[in-house]
Number of protein chains: 2
Amino acid sequence: MHNYKLTIAYDGTGYCGWQTQTSAQTSPASFEKRAQAPQFRTVQEEIERALRKVLGEKIRLTGSGRTDSGVHAVAQIAHFKTKKSIPLQNLMKALNGVLGRDICIREAQEVSSDFHARFSARRKIYRYCIMNTQDKPLFIRHGAAWVRHPLDVAAMRRASRFLVGRHDFKSFQASDRTERKSVTSIGRITVKSVTGPKDLPFIQEGKWIVIDVEGSGFLRSMVRNIVGTLLDVGKGKRTPQEMRSILKKKDRRFAGPCASAAGLYLMDVLY
Amino acid sequence: MHNYKLTIAYDGTGYCGWQTQTSAQTSPASFEKRAQAPQFRTVQEEIERALRKVLGEKIRLTGSGRTDSGVHAVAQIAHFKTKKSIPLQNLMKALNGVLGRDICIREAQEVSSDFHARFSARRKIYRYCIMNTQDKPLFIRHGAAWVRHPLDVAAMRRASRFLVGRHDFKSFQASDRTERKSVTSIGRITVKSVTGPKDLPFIQEGKWIVIDVEGSGFLRSMVRNIVGTLLDVGKGKRTPQEMRSILKKKDRRFAGPCASAAGLYLMDVLY
């Protein structure tokens, strides 16, 4: 049995996420919501379909974890097993040929049989991208969140420091997931301003803010809830110090709103 | 009568262009093509519709010129006349509120009654954006052309110099437009490599090439036909010197293919 590891980038705009969420499959309300949405596709199913076409057998692909509807990936990791020995360059080419324009297999490697995309993962890095400009986003409107209100990046950075370390992040967990354990750790958060290059015409003039969060386990919607709260701080609605009391409350209602999926990218999974 | 000038940016992906082309309206073949396309909308009509909603009267908007289906603008200029005196900030806000996410009114100014967006225009600047990477474009797939073959930028630059000046550009004119006069001038062409900033996750690793063309009058598809020919040079299919003989031929069949609309931006109109 061969074990293959894929490094996958995708524009999540047209997808229900990496994999259908269990709640969406079972709860009638979410099911209705899905039926109204124009897209029921998941990235995992698209790649499984491509693998079936290319390899001529039904393949079960296991990702490092789910990403929500509309969330992107620069390097999502997945693995699959097959008896076939496959030339890796050909596999990549064939898959990219079959897949749509919004999914790209960036790398294919053969790995040891005990490698598991989810269970072997040690850390993940997410990046959140904010366009902080007067003009509304035009060319990157599905690839960044837009905030018109000028943001205080230094205050956001101060606020972010309260989150580093091992904490109960219940206040930042999706409110429909209260049954799950919510203690986890964030190893690093950075908040920085980036000036886009002037020459690329699809990058509008103005400030871009990039927030990186590295952690060993992320709760559902955790990064977006953290970013939504940091945006409240950046707008002056909250002080940086409030971050500490929000954490202590262990109650989702005390944190800020969930930031848009469009700004979120899974950047790397570390093994 | 007041005369208002608008500076407009748009993502042309979902549009038939700035304005419906006359040939598309009349020729049956093009008409069929339009009927099959998912989008018949033009940017001009969208803004006229928004103006009507905001001002409560039918407005005729005149642009500096047409842009083809799928071509973008960072600064298209248009004017319209009305008896109403309009507070400019309110006008911009109201229009941007009514317009979809892919059109943005960047500026509104009152101008003298003899200003005409098309007839007063002296020069235009177009930018063509090429993603020269191994990986296929993912996040910017409608905002740049993709060329996988490594391009020789220096050769493209040498080739471009043969085009500067006043010439008969018939070889670079859309072949269905042979009846028109084709002598015009290019004041400047620059070809440069740009390295995208690493922090913005939607910019993939690799080389970007940006071609600027400034001229006093552009023939239909001229910039895209020039870029298609420069790409042939960049790939080593033609020598830079061939540019001169292609010009002399005055025959579209001797130039390279028309480059994709996705990479083209109207950057500025100078008055």
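# Cysteines, chain contact and salt bridges

Colleague: How far is the sulfur of Cys16(A) from the closest cysteine sulfur?

Modeller: The closest cysteine sulfur belongs to Cys258(A) and is too far for a bond, since a disulfide is a pair of cysteine sulfur atoms within 2.5 Å. This is a predicted model, in which local features need pLDDT of at least 70 and side-chain atom pairs count only at pLDDT 80 or more, while totals for chains, interfaces and linings use all residues. Residues are numbered from 1 along each chain as its sequence is written, chains are lettered from A and ligands numbered from 1 in the order in which they are written, and side-chain values use heavy atoms, with hydrogens and water left out. The separation for Cys16(A) is 16 Å.

Colleague: How many disulfides does a search of the whole structure find?

Modeller: Cys104(A) is in no disulfide, with the nearest cysteine sulfur, in Cys129(B), 18 Å away. Over all chains, the number of disulfides found is 0.

Colleague: Is Cys104(A) buried or exposed?

Modeller: Buried means under 20% relative accessible area, exposed over 50%, and partly exposed in between, for a 1.4 Å probe and protein chains only. The relative accessible area of Cys104(A) is 2%, and therefore this residue is buried.

Colleague: What is the area buried between chain A and chain B?

Modeller: Contact means heavy atoms within 4.5 Å, and 39 residues from chain A meet 39 residues from chain B. Buried area is the accessible area (1.4 Å probe) that two parts lose on being put together, summed over both. Carbon and sulfur atoms give 63% of a total of about 3300 Å².

Colleague: How many charged residues are on the side of chain A that touches chain B?

Modeller: Across the interface there are 15 residue pairs in polar contact, meaning N or O atoms within 3.5 Å, where within protein one must be able to donate a hydrogen and the other to accept it, and residues adjacent in sequence count only if both atoms are side-chain atoms. Strand 1 (2-10) and strand 8 (183-195) are among the strands of chain A that each supply at least two residues of this side; strands (E, at least two residues) and helices (H or I, at least four) are DSSP runs, numbered from the N terminus. Ala, Val, Leu, Ile, Met, Phe, Trp, Tyr, Cys and Pro count as nonpolar, Asp, Glu, Lys and Arg as charged, and the others, Gly among them, as polar. The side of chain A divides into 22 nonpolar, 5 polar and, as charged residues, 12.

Colleague: Which residue of chain A meets Lys192(B) in a salt bridge?

Modeller: A salt bridge is a side-chain nitrogen of Lys or Arg within 4 Å of a carboxyl oxygen of Asp or Glu, and there are 6 between chain A and chain B. For Lys192(B), the N to O distance is 3.3 Å, and the partner is Asp199(A).

Colleague: Why does this pair, Lys192(B) and Asp199(A), join two chains?

Modeller: Lys192(B) is partly exposed at 34%, as is Asp199(A) at 21%. The pair joins two chains because Asp199(A) lies in the loop between strand 8 and strand 9 of chain A, whereas Lys192(B) lies in strand 8 of chain B.

Colleague: At what distance does the side chain of Gln204(B) reach the backbone nitrogen of Leu138(B)?

Modeller: Gln204(B) sits in the loop between strand 8 and strand 9 of chain B and is buried, at 15%. Its side chain reaches the backbone oxygen of Lys136(B) at 2.9 Å. The backbone nitrogen of Leu138(B) is reached at 2.8 Å.
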